[in-house]
Amino acid sequence: MAIENIIELENIVKTYKIKEGFRKFKPFNAIDGVSLNIEKGEIFGLLGTNGAGKTTLIKIMAGLLEADKGSGKVLGYDIYENHKKIRSNVSLVAPTADVGTDNNLTVKQNLEFWAVVYNLPKEKREERIDYLLTFLGLKEYENFWPMSISAGMRQKLAIARSLLVQNPILFLDEPTVKLDAKGAESIRKFIKKINVEFNTTIILTTHYIFEAEELCSRVAIMNKGKIRSCDTINNLRNNLEKYDSFTIKCETLKAKTIERLKLEENIIECNFKNNELKIITDKLEKTIDLTTRALRKENIQIESINTTEYSLEDIFIKVTTEEEKI
Amino acid sequence: MGKLRSEFDSLIMFSKREYIIWSSYRMNAWMWVLDTFFNTTIFFFLSLVTKGATIDFFPYGTNYVTFIVLGLSVYYISFTNLGDPFPRVARIYWGGTMDLYMLSPLSYFTPMMGVMYRSVIDDYPRVILALLFGGVFFGASYNFGNLGLSMILLTLLLISTFGIGMISASSFYLFNFKQKAEPIRFIFQDIIIALTAGYYYPLTVLPYPLQVLGSFIPHTYALDALRRLIIPGGNLYVKVLPLQKVINIQPITLDIIILAIMSVIALPLGWWMYIKGIKKARREGTLTRWQ
């Protein structure tokens, strides 16, 4: 069966003008030659640090921002010619749940307002709102003011608003940012549920790697406006197989030592976090030997050495740092 | 037809939302009534000062309280229609909701007009209250013999001031005036209108150059015609405005023609500029502050 692409972008470029003084602007390439296909029904993750270009790309795909160059289609509509059509067929949740939420209206009144704005047929409004309130676990809070419910609940309200009209594409821009672990977990659960229950294609941006790993069938890793890598997590892992990684547990480590290790020929990436030195290398045994010698020379006590499987975090670090090395 | 219907339904929903918000602050509602009452009271006391003085209100009758109440009424309408679109667009931008409205099937204008309801609820009824307080407590008297014509003038005033308001609002995106200060509104509302609208005094007391400056705003013609029609003893034929002295038509007819011309120019221009501004913002990525 042929794969149906719901979004197709080809060599998209978007440059902003950044103010640099009085009447002086410098160009900033927010998106720099991005090509991307997203399949119908998948949960696709856009992964990247702040300023990587994730939100800009989402806005272009949602028809809220015009690209400077390149071509593309969303739901078969041209991104330049039919942006209005695109906009009325996609839903979006902004990174802050409070965007679009009126604190002077109850949870239910908020949904009633947006149901009319999004032109949900009158006879379906009550039923749909009731269904979404139940579906997202908001029913018992329907008469609460948004300010009196938790941030997680407010995020669910924002998601409920975006689901009022059953659009085929849902953009979630950092859906769990600002939420505590429990709230974030609950939102992730609902993202999966929405994808399955409504067959909605979900495109989410995040800088939480584990989140993308848990939710997404495919991810694109963005850095400095470019897509550095785009594939399933398994394939990204397999591509890394020419490399190995290991961790060394030790008490402390000087920044100078890490910097020196980074300069070694066979070390691809090296970082020290939570008493663990993590190294990606293309020559495992040689690098372990070299590293342990270097640590012993500085009288650093090694507690343990473990070789590890690649996580998405490793891939992310590799992909984003390789570029910087070049 | 379906599209128009959904725009209308949305406007009704916006008005409901704004009413819920407005009425949820009860103290606010009481203060609102008292504010209108005291505004009218101030001008009643001013009218006592001018009583017996040889101030020439001709051709607008002799009742200063009625004169002022009509001035206040036009002020309230102008405050909303001309002054409100810009801050409302700013509110949509800073609140981050422009993107969400853009994703709806609504026209570009409906959300802006929708959020303006807060001021409509707040200001339009003040016109009725001012007329009421003036009549009941302070001796204002009205001649409603030409109610139809007065309504036409009021409608033209609403359209023309809203047109200028739209031009001002469009500057938010078109000229990137993202702060509170906005030159178009400042020039109209805070300079020309404040000086020459004639809310509190007849235009004839101003130096001639200012009278000429006043010829460029709709308030001048609306107030001239409304005062002639509604204040008892108002004269319908004597020409006092600079343009009335140049063009040989009956003053009220000329007022209506000029208001109609201003409406026909300002509203489509404001409409066009607003669309241009939104398109520019979509190109530049400045529809909301969320980037």
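Where chain A meets chain B, 33 residues of chain A are in contact with 29 residues of chain B, contact being heavy atoms within 4.5 Å. This is a predicted model, in which local features need pLDDT of at least 70 and side-chain atom pairs count only at pLDDT 80 or more, while totals for chains, interfaces and linings use all residues. Residues are numbered from 1 along each chain as its sequence is written, chains are lettered from A in the order in which they are written, and side-chain values use heavy atoms, with hydrogens and water left out.

**The interface**
- About 2,900 Å² is buried between chain A and chain B, with 64% of that area coming from carbon and sulfur atoms; buried area is the accessible area (1.4 Å probe) that two parts lose on being put together, summed over both.

**Charged links**
- Three salt bridges are counted between chain A and chain B, each a side-chain nitrogen of Lys or Arg within 4 Å of a carboxyl oxygen of Asp or Glu.
- One salt bridge joins the side chains of Lys59(A) and Asp99(B), at 3.2 Å from N to O.

**What chain A brings**
- At least two residues each come from strand 1 (5–21), helix 1 (54–61), helix 2 (83–87), strand 6 (90–93) and helix 3 (107–117) of chain A, on its side that touches chain B; helices (H or I, at least four residues) and strands (E, at least two) are DSSP runs, numbered from the N terminus.
- Helix 3 of chain A gives the most to this side, with six residues.

**Domains of chain A**
- Chain A is divided into domain 1 (5–237) and domain 2 (243–309), with bounds from an automatic or database domain assignment.
- The centres of domain 1 and domain 2 of chain A, taken over C-alpha atoms, are 39 Å apart.
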